[in-house]
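Visitor: I am new to this structure, and I would like to understand the words used to describe it. Could we look at it together?

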Amino acid sequence: MSHVKAGGTSKNLHNNAGQRLGVKRFGGQTVRTGEVLVRQTGATKIAGPGTFMSRNFTIHAAIDGKVVFVKTKKNHFSGKSVPRTRVEVHAA
């Protein structure tokens, strides 16, 4: 009876690089058009005036100016409102 016995489990398989998510430009900083302001998974922060959101939910500056973060409420289709942070760029 020549066969291999049961092997053990390996625990160190999931060694992936991080996605480097988060806020890249903070409130009060001056930015130029196209700069990345926030990298995120899902729309945890929403794009306000002077910004736009790309396909992977990254928020970019649409104009030159200063970054401002504003607390706001966003309504779901069901009528429930949830707190969100709106990212805006005000022209300098």
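Visitor: What is the mean pLDDT of the protein?

Guide: This is a predicted model, in which local features need pLDDT of at least 70 and side-chain atom pairs count only at pLDDT 80 or more, while totals for chains, interfaces and linings use all residues. Residues are numbered from 1 along each chain as its sequence is written, and side-chain values use heavy atoms, with hydrogens and water left out. The pLDDT is the predictor's confidence in each residue, from 0 to 100; its mean for the protein is 92, and 98% of the residues reach 70 or more.

Visitor: What makes β4 and β8 a pair?

Guide: Three bridges link β4 to β8 (residues 81-90), in the parallel sense, and the bridge partner of Ile46 in β8 is Arg86.

Visitor: Why are β2 and β4 said to stand at the edges?

Guide: The open sheet of four strands has the order β2-β7-β8-β4, with mixed pairing. Because β2 (30-31) and β4 each have a single partner strand, one side of each is left without a neighbour in the sheet.

Note on methods. Two strands pair if DSSP finds at least two bridges between them. Helices (H or I, at least four residues) and strands (E, at least two) are DSSP runs, numbered from the N terminus.
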